[in-house]
Amino acid sequence: MAAEEVVIGGIYISIYGMKFLVFDVGFHTENKTNVVVYRQYSGEGQILVAPFDAFTESLPNGDKRFRFTGERIFEINARKRGKRRKLG
């Protein structure tokens with residue numbers, strides 16, 4: 001998977017060990033940036049939005065802030081294979 005992709009319907013784990021389900025990649029209409037829409041996979045299931053670049057960035061030690069676990073809960077369609085690239 002390229003550095004600037006997220007898997008729609010994929011489960012990600014944060015550097016803090018929390019799991020999240022990615023719903024989609026959106027576009028912030030006011031500041032013209034891409035965002036990742038996701039929710040906590042356990043607990044309250046709060047829906048969250050993060051800047052795309054922050055969600056996909058690597059930290060100075062080389063770890064990803066959010067790492068794809070390989071698990072996929074749903075796929076959006078066969079043509080996109082559940083992946084979205086950065087829009088802008």
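Author: Start with a definition: a residue counts as buried when its relative accessible area is under 20%, and as exposed when that area is over 50%. By that cut-off, 32% of the 88 residues of the protein chain are buried. Keep in mind that this is a predicted model.

Now the whole chain. The protein chain has one helix and seven strands. Along the sequence, their order is β-β-β-β-β-α-β-β. Take the contacts in the chain with a separation of 6 or more: residues 24 or more positions apart account for 45% of them. The chain exposes about 5600 Å². Carbon and sulfur atoms supply 50% of that area.

Next, the close look. I15, Y16 and M18 form a nonpolar patch on the surface. Together they have about 340 Å² of accessible area. Where does Y16 lie? Y16 is in the loop between β2 (10-14) and β3 (19-28). Is Y16 buried or exposed? The relative accessible area of Y16 is 69%, so this residue counts as exposed.

Last, confidence. The mean pLDDT of the protein chain is 84. A pLDDT of 70 or more is reached by 80% of its residues. Over residues 78-82, though, the pLDDT is below 50. That stretch has eight contacts in the model beyond near neighbours in sequence.

Methods. Residues numbered from 1 in each chain as written. Predicted model: local features only at pLDDT ≥ 70, side-chain atom pairs only at ≥ 80, totals over all residues. Heavy atoms only, no water. Helix = DSSP H or I, 4+ residues; strand = E, 2+ residues; numbered from the N terminus. Buried < 20%, exposed > 50% of the residue type's maximum accessible area, 1.4 Å probe, protein only. Contact = heavy atoms within 4.5 Å. Areas by Shrake-Rupley, 256 points an atom, 1.4 Å probe, with all protein chains shown as cover. Patch = residues over 30% accessible without salt bridge, like charges linked within 9 Å, V, L, I, M, F, W, Y side chains within 5 Å. Salt bridge = Lys/Arg side-chain N within 4 Å of Asp/Glu carboxyl O. pLDDT = per-residue confidence, 0-100.
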